[in-house]
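Take a look at the structure below.

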Amino acid sequence: MKWLLTTPADVDLDGVRAEVEAAGGKLEAQKAVPLGENEQVLYAEGPEDLEARLKAAPIPIQVSPNSELELY
Amino acid sequence: MPQVNVLLEFEDVRQGAFGLFSLAAESPAEGVQAAENLLDRVAGFGVELEEEQIPVPMFSEPSAAPPVDELRAFGTAELSVELPSATTVLAARVPDESLEELDQRAGVRVWPNSELTLFSGSGAAPVDCRPFQPGATIEEIQQALGVQVVWEEGHSGEGIVIGIIDEGVNGDVYPVRGGFEGANAPAPGSAPITSHGSMCAADCLVAAPDVAIYDYPFLGVPNSGGALAMFQSVLDQRRLDGTPHLTNNSYGFTGVPSPDRFPKHEIWDPQHPLHRKVREVIVSGAPAFFAAGNCGADCPSGNCDASGIGPGKSIHASNSLEEVITIAAVNKNRTRIGYSSQGPGMFMAEKPDLAAYSHLFANFGQGRPGGEPPPFDNGTSAATPVACGVGALLLGAHPGTSPGRLKQALIASAVDVPAGGWNADIGHGVIHAGGAFAQLP
């Protein structure tokens with residue numbers, strides 16, 4: 001499944017990558033999107049329960065789905 | 001030159017009117033000849049007969065009572081005496097500019113010849129469902145939108161840029177001047193003419209023929225992450241030079257997942273990154289037009305899941321954010337198109353905001369750049385850029401109008417306003433550029 005991970009903008013990216021991989025996922029190469037004043041959104045792929053798996057991570061990572069859209 | 005469908009009533013006292021009618025019904029040539037004899041009286045007005053029509057005799061003048069006794073006699077099984085006609089009615093098309101003078105001509109009256117809607121029989125408001133009513137020309141939609149008054153003031157969208165977030169726009173036909181540029185991205189304007197985004201571009205140009213387009217294509221399969229990146233690209237560009245001035249978004253979801261299983265889904269979480277980014281772009285001053293969707297209960301699109309069909313379930317995610325302008329679809333007669341998604345919205349209840357016109361020959365249709373199929377530009381996907389074009393037209397006339405003020409003016413000037421001021425089918429009514437122009441600044 002595809003996911004969007006919201007983290008602080010100054011987060012240690014290698015640390016996030018390690019946590020995501022430990023949870024069975026991986027970060028995608030797509031450029032991060034800044035959000036608000038000091039956050040960013042990273043692109044990831046991972047299992048359906050990625051959010052639950054990352055709950056215990058020492059780095060704050062909010063997990064949101066990256067769901068498919070339809071053209072109307 | 002725009003033409004109007006009318007009924008022309010000619011003073012025409014003649015015996016044998018019933019016979020003439022029957023003859024014309026059996027032989028179109030006879031009908032045409034009879035009609036042309038009458039048309040000679042209005043030579044020089046540019047009147048054209050409707051095809052395959054039959055001149056209809058009337059048995060009293062408009063202001064006179066019908067011949068009651070003679071007509072009552074028709075109610076027996078025996079042949080009744082013929083009546084002389086008083087007038088004859090022909091269906092014709094007349095140039096708009098000739099109407100007033102024609103109506104003042106002695107011996108001729110001009111009446112509307114309006115299209116009828118077959119009602120569903122349920123007593124509910126009429127709905128346009130498959131098979132759909134005929135499509136509209138761009139000129140018909142421009143007239144319905146009331147754009148002429150804005151154009152006559154010298155405003156046609158020049159200097160305004162619409163960012164189309166979609167599957168790509170064809171720049172050979174449409175005025176693509178920029179957009180998303182990335183290493184792995186197709187160049188702006190490189191989509192085929194049959195792309196969904198090209199249809200949106202065509203529809204943006206209906207109200208604002210001199211607007212420019214920025215192309216923000218989904219990179220691969222459309223998803224919220226792709227839209228997120230495109231909105232960021234919009235914000236990046238706006239930071240540089242204040243363009244694009246507004247965005248068109250003719251996409252969304254077609255099913256509603258379980259909130260227990262997917263509580264963070266875009267439909268359930270108003271703080272999803274995409275929605276937050278959409279708000280950032282709007283706060284920067286760029287109105288965002290979003291399609292309501294095509295999952296209305298009357299005749300939903302074939303790709304709608306049952307979970308997302310009908311009132312309260314079919315307008316959701318970014319398309320139902322308070323800050324965006326959510327657009328439902330009506331046809332040229334302002335009849336709601338039955339697939340148009342219905343409120344209440346799942347974030348903000350009072351959605352859709354407005355309705356705009358779909359089913360028009362802009363990108364698609366015979367002789368149009370994209371050809372057929374489909375038979376015409378369709379969906380709330382087409383209605384939304386028609387509305388977005390109106391937004392662009394108004395921003396060109398009143399630069400710096402905030403997204404909130406624009407929405408307010410569009411709502412205040414809508415036509416066909418439902419009882420109570422809003423309903424779940426067409427929101428606050430049908431968009432009207434001329435009326436909104438008068439509302440601003």
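## The core

In this predicted model, the largest nonpolar core has 115 residues. Ile327(B), Ala355(B) and Ala387(B) have the most contacts inside it. Helix α10 of chain B, residues 380–397, gives this core its largest share, 11 residues. There is also a second, separate core. That one has 17 residues, including Val6(B), Phe10(B), Ala34(B) and Leu102(B). In soluble globular proteins, nonpolar side chains tend to be buried together.

What is Ile327(B) in contact with, leaving aside neighbours within four places in sequence? Among its contacts are Phe289(B), Ala291(B) and Ala292(B). Pro352(B), Leu354(B), Ala355(B) and Ala356(B) are also in contact with Ile327(B).

## The domains of chain B

The domain assignment gives chain B a domain 1 and a domain 2. The C-alpha centres of these domains of chain B lie 45 Å apart.

| Domain of chain B | Residues |
|---|---|
| domain 1 | 3–112 |
| domain 2 | 127–439 |

## Where the chains touch

How many residues does each chain bring to the contact? Chain B brings 33 residues, and chain A brings 19 residues. On the side of chain B that touches chain A, the elements giving two or more residues are α8 (224–241), β12 (251–252), α9 (273–283) and α10. The largest share of that side, six residues, comes from α8(B). By class, the side of chain B has 10 nonpolar, 16 polar and seven charged residues.

Strands also meet across the two chains. Strand β6 of chain A, residues 70–71, is joined to β12(B) by two bridges. The two strands run antiparallel. Leu71(A) stands opposite Tyr251(B), a residue in β12(B).

## A residue in a loop

Asp416(B) sits in the loop between α11 (403–412) and α12 (433–439) of chain B. Is Asp416(B) buried, exposed or partly exposed? Count the other C-beta atoms within 10 Å: there are 14. A buried residue needs 20 or more, and an exposed one has 12 or fewer. Asp416(B) is therefore partly exposed.

What does Asp416(B) touch, not counting residues up to four places away in sequence? Asp416(B) touches Arg334(B), Gly429(B) and Val430(B). Ala355(B) comes up again here: it is one of the residues with the most contacts inside the largest core. Asp416(B) and Ala355(B) are 61 residues apart along the chain. Their C-alpha atoms are separated by 9.8 Å.

Conventions: Residues are numbered from 1 along each chain as its sequence is written. Chains are lettered from A and ligands numbered from 1 in the order in which they are written. This is a predicted model: local features need pLDDT of at least 70, side-chain atom pairs count only at pLDDT 80 or more; totals for chains, interfaces and linings use all residues. A nonpolar core is a set of buried Ala, Val, Leu, Ile, Met, Phe, Trp, Tyr and Cys residues joined through C-beta atoms within 7 Å. Helices (H or I, at least four residues) and strands (E, at least two) are DSSP runs, numbered from the N terminus. Two residues are in contact if their C-beta atoms, placed from the backbone, lie within 7 Å. Domain bounds come from an automatic or database domain assignment. Ala, Val, Leu, Ile, Met, Phe, Trp, Tyr, Cys and Pro count as nonpolar, Asp, Glu, Lys and Arg as charged, and the others, Gly among them, as polar. Two strands pair if DSSP finds at least two bridges between them.
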